[in-house]
Amino acid sequence: MRHATPISFFLFFLPLTVLSISINHDITVGPALSFSPNTTSASAGDTLTFHFFPGKHNVAQSSFSTPCAPSPNGFYSGFIVPDSGEDATKFVVTVNDTQPIWFYCSEVMHCQLGMVGVVNPPISGDTLASYALAASKTTDSTTPANVAGGVFSSVNGPPSASTSTSASPPTSTTTSTGTETKTSGTSTPTQSTSAGVVLVSGNVFLNGMSAVVAVAAIWAGLI
Ligand SMILES: *[C@@H]1O[C@H](CO)[C@@H](O)[C@H](O)[C@H]1NC(C)=O
Ligand SMILES: *[C@@H]1O[C@H](CO)[C@@H](O)[C@H](O)[C@H]1NC(C)=O
Ligand SMILES: [Cu+2]
């Protein structure tokens, strides 16, 4: 029977090899004129969850060459302005590839004063510092016409865990303009104060755990 062990071992690892783990990256927007963290490394299929704090802020995607102005088909959250603390509404954007994603807040002068960020900055060449410098030299910001490229969520973390390699990003582009329904009150905002904190989504973790348990059980049974 011993000779059977390696084969079953492979068989039980097979599902794990196609399991891609999506990670959510939390980014706070405000209350200071900054995104935190302002630099994030993400893989395709990961999500970015923007958490909004007081001050009048939003997040809009830009290109490196046009700071403080939206890129065509870029994402835009709309203004999300809580009275105090974190707004219940978060904006979740799926990362589709590892190309750099430059973004800014379009409120008057916020981009010029350094309210900018990047996901997957190039290893060499364009830097956030040079983007911020170029932004500081622009005279005004452009606010996109419509909310686009993401979904609103009232929960912390990604709206749903994707464990499939065929990435199925949330396709429902929210086109509702302007007026957002604010669910006030009960959700306790967990402000992620540590920069760069990543939350492995619960579903993925559980799937991973049960796979590990299954493999361990089989392994133990065969020995
Ligand atoms: C990015 O954030 C870090 C940490 O807060 C800060 O030291 C740095 O100046 C920021 N970079 C830019 C270009 O704003
Ligand atoms: C990824 O694709 C989805 C679906 O087209 C889109 O909503 C989202 O904005 C894209 N993400 C980025 C960073 O462009
Ligand atoms: Cu702002």
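In what order do the elements of the protein run from the N terminus on? They follow the pattern α-β-β-β-β-β-β-β-β-β-α-β-β-α. The protein has three helices and eleven strands; here helices (H or I, at least four residues) and strands (E, at least two) are DSSP runs, numbered from the N terminus. This is a predicted model, in which local features need pLDDT of at least 70 and side-chain atom pairs count only at pLDDT 80 or more, while totals for chains, interfaces and linings use all residues. Residues are numbered from 1 along each chain as its sequence is written, and chains are lettered from A and ligands numbered from 1 in the order in which they are written.

β1 and β4 run parallel and are joined by six bridges, and Thr49 in β4 is the bridge partner of Asp26. By contrast, β1 and strand β2 (residues 35-36) run antiparallel and are joined by two bridges, with Ser36 in β2 as the bridge partner of Thr28. These two strands, β1 and β2, form a hairpin with five residues between them, and Gly30 in the turn has a positive phi of about 80°. β1 is largely enclosed by the rest of the structure, because six of its seven residues are buried. A residue is buried if 20 or more other C-beta atoms lie within 10 Å of its own, exposed if 12 or fewer, and partly exposed in between, with C-beta atoms placed from the backbone. Of the 223 residues in the protein, 34% are buried.

An open sheet comes next. Five strands form it in the order β3-β9-β8-β5-β6, with mixed pairing. Its edge strands, β3 (39-40) and β6 (66-70), each pair on one side only. Helix α2 (residues 128-136) packs on this sheet and touches β3, β6, β8 and β9; the direction of α2 makes about 145° with that of β9. Such angles run from 0 to 180 degrees between N-to-C directions, and the axes are lines fitted to C-alpha atoms, for helices over the stretch in contact. Two residues are in contact if their C-beta atoms, placed from the backbone, lie within 7 Å.

Within the sheet, β8 (residues 101-104) and β9 (residues 116-119) pair in the antiparallel sense over four bridges, and Trp102 stands opposite Val118 in β9. Strand β5 (residues 60-63) and β8 are also antiparallel, joined by three bridges; Ala60 stands opposite Tyr104 in β8. A hairpin of two residues joins β5 to β6, and Ser63 stands opposite Thr66 in β6.

Which residues have the most contacts inside the largest nonpolar core? They are Val29, Tyr104 and Val116, in a core of 34 residues. A nonpolar core is a set of buried Ala, Val, Leu, Ile, Met, Phe, Trp, Tyr and Cys residues joined through C-beta atoms within 7 Å. The largest share of this core, four residues, comes from β8. In soluble globular proteins, nonpolar side chains tend to be buried together.

Finally, the residues around ligand 1 are Asn38, Gly114, Leu128, Ala129 and Ala132, where a residue is near a molecule or strand if its C-beta atom, placed from the backbone, lies within 6 Å of it.

Terms used: Two strands pair if DSSP finds at least two bridges between them.
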